[in-house]
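Subject: Structure handover

Hello,

Here is the structure I said I would pass on. Please open it next to this message and follow along; my notes come after it.

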Amino acid sequence: MGRNSLGLAGFLILAASCGGPPEREGPPVLVVGMDGLEWSVMDPLLRQGRLPAFAALIERGVAGSIRTTQPTFSPVLWTTMATGVGPLDHGIHNFFEASLKGQIVNPRNPLPYSSNCRKVPALWNLAAEEGMDSLSVAWWVSWPAEEVPRGRIVASYAAQAQGNLLWKAGVWTEGLPRLTWPPELEAEVLPHLKRGEPAGPLREEYNEAFGIVPGKEGWEFPAGRDAFFRFSFHGDRTHYAVMRDQLSREIADLNMVYFGLADVAGHFFWRYRQPEAYQYPVPPEHVDRLGDRIEKAYEILDGWLGGLLDEVGEDCMVMVVSDHGMHAANLKSPRHPQSGAHEDAPDGVLILAGPGVRKLGILAPRDRRMGSIFAVAPTILDWLGSGPPGYMEGEPLRRWMTDSWKDSNPETRGRDHRRGFRKATPPITPGEDASASFLDSMREIGYVDSED
Ligand SMILES: [Zn+2]
């Protein structure tokens, strides 16, 4: 290397350290992932004025449905959305490590996928490669938190379960390794985790919203399902607080958060919402007490959405996206934990809003499909101004942008950052019994068959 190039490198380092990193022009992007949002639930709630934050967002943008793929396992779909490629390319095939054909590897002690298993860069890696900063809270398969330059990562929902922390948030203070990137971020997250403890203040918030299921006497509703729903509320509510706190400190170029509540509510409570769809009698007292739980979950999500939108303001590109819809399922078996499901891949919900998004409002039901989950990553990259790399399977949803936005934001192709990306490695767990407790939780919600 000659003197000149050394000099140039030195100058660049000096310039960067003096002037700070180059500021990206253009509005920030907020992506709110909401698992299992379903139009047949949302439509009447919107008409009744029960979802004011959704309604206001839709009014300044466009809302419709999004096509998804099978299998509709959360880790697979949310990784597809974060990478722009399908499972054969991103390498996440199930909840647990599985073969290309979906066979779980080592079924006696299956290991949940962790972020190191992913074969291609996710949006937060791509943002970093393009010199942008990012914030990601609770995205699926994001544990352990990756070392992302200029990134803030609070690792995933599944990581809580792996560490048995969805149930016992207090244990978290003893340390789930690599929960956050950078490691110092954990100090800002811990107070929220403390508040999320099972016996903490969120307990009251839950009781107020959903009521208390009576004890076993005369009440056949399995308490375990109520408990699991309660835990997912605590998890989501905690992630909402973490996300809002982080946004209030600094809005990144790319900001993304995941909530699972609508999906869990749909799985457990559909039979009480729509008892006539089932081929067995659903006890009327259960319908009275639990029939509105899905709707209440949506109202709570609406409140969180409103809080996040307050934080970012209107000069922000916003995408609300669900990985699939939901409907009545397992119509014959009153004992099946899930009475709502989505194995047949019903369309999810997609809402786009912000500077440059066409103000079309809610699309008519017969012509509602706006794109597929493969368009999620390309659209986000298009909004960020870097453009999707050619290997991604979908195209940016420019159809929903105004002509003047398209004129001033010409379509570009991003660079292929797969080369040089770290190699995928087998799943890791944070502790000895971690995969066993995760497996138990999957049995409880009916994703994995129990032995009995
Ligand atoms: Zn689901």
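Where in the chain does G26 lie? The loop between α1 (3–19) and β1 (29–34) holds G26. Keep in mind that this is a predicted model. G26 is partly exposed, because 15 other C-beta atoms lie within 10 Å, where a buried residue would need 20 or more. Its C-alpha atom is separated by 9.2 Å from that of D315, although G26 and D315 are 289 residues apart along the chain.

Now the chain as a whole. There are 16 helices and 12 strands in it. Of its 452 residues, 48% count as buried. If you take contacts between residues at least 6 apart in sequence, 73% of them join residues at least 24 apart.

Two helices are worth looking at for burial. In helix α4 (residues 74–83), 10 of 10 residues are buried; among them are P75, W78 and M81. Helix α10 (residues 223–249) has 27 residues and reaches 39 Å from its first C-alpha to its last, close to the 39 Å expected at 1.5 Å a residue. Of those 27 residues, 19 are buried, so α10 is largely enclosed by the rest of the structure.

Next, a helix pair. The axes of α11 (residues 261–273) and α13 (residues 293–312) come within 7 Å and cross at roughly 155°. Angles over 145 degrees count as roughly antiparallel, so that is how α11 runs relative to α13. On the α11 side, the contact is made by L261, A262, A265, G266, F269, W270, Y272 and R273. On the α13 side, R293, I294, A297, Y298, I300 and L301 take part. By class, this contact has 11 nonpolar, one polar and two charged residues.

L301 leads on to the core. The largest nonpolar core has 113 residues, and those with the most contacts inside it are L123, L301, V320 and I380. Leaving out residues up to four places away in sequence, L301 touches M34, F259, L261 and A262. Of these, L261 and A262 also belong to the α11 side of the helix contact. As background, nonpolar side chains tend to be buried together in soluble globular proteins.

Regards

Definitions and conventions:
Residues are numbered from 1 along each chain as its sequence is written. This is a predicted model: local features need pLDDT of at least 70, side-chain atom pairs count only at pLDDT 80 or more; totals for chains, interfaces and linings use all residues. Axes are lines fitted to C-alpha atoms, for helices over the stretch in contact, and angles run from 0 to 180 degrees between N-to-C directions. Helices (H or I, at least four residues) and strands (E, at least two) are DSSP runs, numbered from the N terminus. Angles under 35 degrees count as roughly parallel, over 145 as roughly antiparallel, 65 to 115 as roughly perpendicular and the rest as oblique. Two residues are in contact if their C-beta atoms, placed from the backbone, lie within 7 Å. Ala, Val, Leu, Ile, Met, Phe, Trp, Tyr, Cys and Pro count as nonpolar, Asp, Glu, Lys and Arg as charged, and the others, Gly among them, as polar. A residue is buried if 20 or more other C-beta atoms lie within 10 Å of its own, exposed if 12 or fewer, and partly exposed in between; C-beta atoms are placed from the backbone. A nonpolar core is a set of buried Ala, Val, Leu, Ile, Met, Phe, Trp, Tyr and Cys residues joined through C-beta atoms within 7 Å. The expected span of a helix is 1.5 Å times one less than its number of residues.
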